[in-house]
2 protein chains.
Amino acid sequence: MSDTSHRERVRERTVAEIKELARRQLVAGGPASVSLRAIAREMGMTAAALYRYFPALDALVIELCTDLYDEVRAECETARDALGPAADPVDRLLAMARTLRGWALAHRPEATLIFGPPVPGVEQFHEQCLDLEHAGACFGAIFVQPMVELWEAGRLPDASHVDLTRLAGALPSQGELPIEVTAVFLTSWTRLYGVLAAELFGQLAWAATNTEPLFEAELAFFASQVKPGGAAG
Amino acid sequence: MSDTSHRERVRERTVAEIKELARRQLVAGGPASVSLRAIAREMGMTAAALYRYFPALDALVIELCTDLYDEVRAECETARDALGPAADPVDRLLAMARTLRGWALAHRPEATLIFGPPVPGVEQFHEQCLDLEHAGACFGAIFVQPMVELWEAGRLPDASHVDLTRLAGALPSQGELPIEVTAVFLTSWTRLYGVLAAELFGQLAWAATNTEPLFEAELAFFASQVKPGGAAG
DNA sequence: GCTGTTTAGTGAACGCCGTTTACTTTCGCT
DNA sequence: AGCGAAAGTAAACGGCGTTCACTAAACAGC
């Protein structure tokens with residue numbers, strides 16, 4: 001009662017409604033068509049009133065990004081946990097990757113918002129990703145973790161094609177992770193990202209109507225590179 | 001004189017100036033900040049006057065896309081041709097890929113426009129890519145060509161991880177290229193695109209400040225997969 | 001229960017945008 | 001010289017984000 005007064009509850013409900021309508025606009029017309037005036041119109045309010053809840057449109061969009069990262073991360077975690085606690089890290093990675101792709105294609109405008117170029121005013125969002133509390137960092141972390149487990153088990157493929165010395169010099173935060181893990185992770189991640197982004201952004205419209213075979217090929221290739229592990233840890 | 005009257009020349013000069021200013025705005029503020037009114041203001045004109053040259057803002061942006069594709073393609077072709085006519089297809093591909101990356105990082109807003117998600121109203125641009133005259137298709141073609149040469153020489157790496165049957169069913173235009181070539185091309189292309197797009201869009205801000213080692217690693221990996229060819233054709 | 005304060009919401013305005021319409025000027029050609 | 005096409009203008013419409021002064025309602029403390 002003291003923690004959540006009546007005022008606060010109705011306020012949170014209003015904030016939720018704003019974000020709900022914002023997302024509906026995002027889905028309907030892409031990142032650029034999220035507008036305070038349209039939200040206010042649908043809520044039967046004045047646009048100025050929304051400034052009691054968000055300092056600017058940018059802030060609303062950034063919150064939307066955070067929510068979306070949390071949503072896709074939760075879906076990936078669910079798929080991962082459905083495999084059971086003793087599942088092979090490789091299988092966990094594959095399940096998460098497929099879930100990520102499924103979410104992105106089922107929610108193209110949302111995926112475009114968080115995986116595409118930053119909308120003006122949202123650049124800072126990506127820049128704050130170094131913060132571990134950041135939703136984007138949390139999302140990335142669930143993919144890093146199984147990779148670390150593979151490394152600890154000595155199963156990580158070698159990153160022989162990556163110049164580790166130069167890569168080490170290009171990292172913002174040194175030493176948190178072994179450079180080999182970083183190299184393999186980044187290589188694998190950008191490959192998946194490439195297939196996904198290319199399809200999301202229509203860059204493959206001239207070449208393929210469905211990129212699932214390409215995505216699966218990257219997954220298969222990654223799995224084939226990992227050294228086989230014992231039956232259970 | 002008859003082909004290009006005085007009227008036409010001054011008109012082309014005006015069109016060029018409009019596109020020049022549009023690009024300057026693109027560079028300064030990203031794709032969303034290209035505005036007819038601002039262009040007109042800088043030209044000492046009324047916004048309505050610009051409609052004598054472009055039917056809408058979208059059309060101007062699409063023309064800008066075409067110009068940018070032509071520009072980056074020309075740079076890649078120059079780098080390719082600098083290798084001489086007898087250069088190995090692999091070397092030509094590597095040179096073009098590096099040139100592409102160099103151009104993209106030197107012209108980030110422009111690269112974001114053509115390699116990122118379509119700006120609202122420009123979706124049709126990507127959709128028209130099936131037309132071989134399309135600037136985007138021409139750009140892609142210069143990367144396809146050496147790949148075909150490798151295939152003809154029997155040097156193409158096998159695409160064993162790609163389900164060729166399913167991929168064949170996901171192509172818009174069947175049979176123009178052997179499916180193996182398509183598979184290798186798309187896999188290689190999306191890998192490069194992944195590294196490039198991830199850096200362009202700030203998706204790797206938390207992980208790396210410079211993706212050149214990753215890009216070079218993909219190039220090295222590709223080169224290592226291609227079977228060695230004779231000294232000269 | 002009244003009073004003072006915080007909060008939510010309004011209305012009008014400012015300046016930006018794309019686009020359309022009707023009108024005027026200017027240029028080129030016969 | 002005069003006619004027709006092309007280029008450009010002015011004004012308007014509706015949309016946008018944002019600010020500011022103001023009102024109405026809910027809350028707090030006495």
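The questions and answers below show how terms are applied to this predicted model.

Residues are numbered from 1 along each chain as its sequence is written, while chains are lettered from A and ligands numbered from 1 in the order in which they are written. In this predicted model local features need pLDDT of at least 70 and side-chain atom pairs count only at pLDDT 80 or more, whereas totals for chains, interfaces and linings use all residues.

Q: Why is α3(B) called roughly perpendicular to α5(B)?
A: The axes of α3 (residues 57-81) and α5 (residues 108-115) of chain B come within 10 Å and cross at roughly 110°. Angles under 35 degrees count as roughly parallel, over 145 as roughly antiparallel, 65 to 115 as roughly perpendicular and the rest as oblique, so α3(B) is roughly perpendicular to α5(B).

Q: What makes B:Cys65, B:Leu68 and B:Tyr69 residues that meet α5(B)?
A: Two residues are in contact if their C-beta atoms, placed from the backbone, lie within 7 Å, and these three in α3(B) meet B:Glu110, B:Leu113 and B:Ile114 in α5(B).

Q: How do you know which class the residues of this contact of α3(B) with α5(B) belong to?
A: Ala, Val, Leu, Ile, Met, Phe, Trp, Tyr, Cys and Pro count as nonpolar, Asp, Glu, Lys and Arg as charged, and the others, Gly among them, as polar; the contact therefore divides into five nonpolar, no polar and one charged.

Q: Which residues come nearest to DNA strand D?
A: Of the 21 residues around DNA strand D (C-beta atom, placed from the backbone, within 6 Å of it), A:Ser35, A:Arg37, A:Ala48, A:Ala56 and B:Ala48 come nearest. By class, that surface has 10 nonpolar, five polar and six charged residues.

Note on methods
Axes are lines fitted to C-alpha atoms, for helices over the stretch in contact, and angles run from 0 to 180 degrees between N-to-C directions. Helices (H or I, at least four residues) and strands (E, at least two) are DSSP runs, numbered from the N terminus.
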